[in-house]
Amino acid sequence: MKTIIKPSASIRQDYNGIAKLCRESASPVYLTKNGEGDLVVMDIDNYNRREAAFSLREELLGIEEARRDGVPDYSCDEVVEMMRRAVKEAAKK
């Protein structure tokens with residue numbers, strides 16, 4: 001991913017250009033103020049994809065931690081069997 005750095009004034013002077021750059025590059029644009037990093041902007045689709053990837057990564061890390069801590073896991077066949085039993089029990093009531 002290419003790093004794109006622009007002065008913060010560019011978003012005021014050329015919002016449409018910055019928005020287009022975000023969409024076309026699929027990269028965040030770093031905005032500087034007085035020569036120092038200030039903000040990061042990106043288009044909403046790439047932001048949503050990034051957030052989904054972060055959420056998935058957190059979930060997978062949690063699962064891996066649980067596995068390492070000895071929390072029991074189940075195979076697909078075991079889950080299907082548990083669901084069948086739960087449905088049978090619910091039907092009896």
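Helices (H or I, at least four residues) and strands (E, at least two) are DSSP runs, numbered from the N terminus. The model is predicted: local features need pLDDT of at least 70, side-chain atom pairs count only at pLDDT 80 or more, and totals for chains, interfaces and linings use all residues. Residues are numbered from 1 along each chain as its sequence is written, and side-chain values use heavy atoms, with hydrogens and water left out.

**Stop 1: the sheet**

Select residues 4-7, 29-33 and 36-41. These are strand 1, strand 2 and strand 3. Together they make an open sheet of three strands in the order 1-2-3, with mixed pairing. Two strands count as paired if DSSP finds at least two bridges between them. Strand 1 and strand 3 are the edges; each has a single partner strand, so one side of each lacks a neighbour in the sheet. From one strand to the next, the twist averages 35 degrees.

Look along the first pairing. Strand 1 and strand 2 run parallel, joined by four bridges. Ile5 faces Tyr30 of strand 2 here.

Move across to the other pairing. Strand 2 and strand 3 run antiparallel, with five bridges between them. Val29 has Val41 as its bridge partner. Tyr30 stands opposite Val40. Leu31 stands opposite Leu39. In general, strands of a sheet pair through backbone hydrogen bonds, either parallel or antiparallel.

**Stop 2: Thr32**

Stay in strand 2 and select Thr32. Is Thr32 buried or exposed? Thr32 is buried, at 19% relative accessible area. The cut-offs are under 20% for buried, over 50% for exposed and partly exposed in between, with a 1.4 Å probe and protein chains only. Now show its contacts, meaning heavy atoms within 4.5 Å. Setting aside neighbours within four places in sequence, Thr32 touches Ile5, Lys6, Pro7, Ser8, Gly37 and Asp38.

**Stop 3**

Most residues other than glycine have a negative phi. Two residues here go the other way.

Select Asn34 first. Strand 2 and strand 3 form a hairpin with two residues between them, and Asn34 sits in that turn. Asn34 is not a glycine, yet its phi is positive, about 55 degrees. Its relative accessible area is 77%, so Asn34 is exposed.

Then go to Ala26, in the loop between helix 2 and strand 2. Its phi is also positive, about 55 degrees, although Ala26 is not a glycine. Ala26 is partly exposed, with a relative accessible area of 38%.

**Stop 3: helix 2 and the core**

Select residues 15-25, which form helix 2. Helix 2 packs on the sheet and touches strand 1, strand 2 and strand 3. Its direction makes about 175 degrees with that of strand 1. Such angles run from 0 to 180 degrees between N-to-C directions; axes are lines fitted to C-alpha atoms, for helices over the stretch in contact.

Which residues make up the largest nonpolar core? Show Ile4, Ile18, Cys22, Val29 and Leu31: these five form it. Helix 2 and strand 2 each supply at least two residues of this core. A nonpolar core is a set of buried Ala, Val, Leu, Ile, Met, Phe, Trp, Tyr and Cys residues joined through side-chain atoms within 4.5 Å.

Centre on Ile18. Not counting residues up to four places away in sequence, Ile18 touches Lys6, Ser10, Ile11 and Val41. Then click Cys22, which is buried at 3% relative accessible area.

**Stop 4: helix 3**

Select residues 44-68 for helix 3, and find Glu64 in it. Glu64 is partly exposed, at 31% relative accessibility. Draw a distance from Glu64 to Leu39. The two are 25 residues apart in sequence and 34 Å apart in space, C-alpha to C-alpha.

**Stop 5: helix 4**

Finish with residues 76-92, helix 4.

Select Cys76 last. Cys76 is exposed, at 65% relative accessibility. How many disulfides does a search of the whole structure find? The count is zero, where a disulfide is a pair of cysteine sulfur atoms within 2.5 Å.

Notes:
The expected span of a helix is 1.5 Å times one less than its number of residues.
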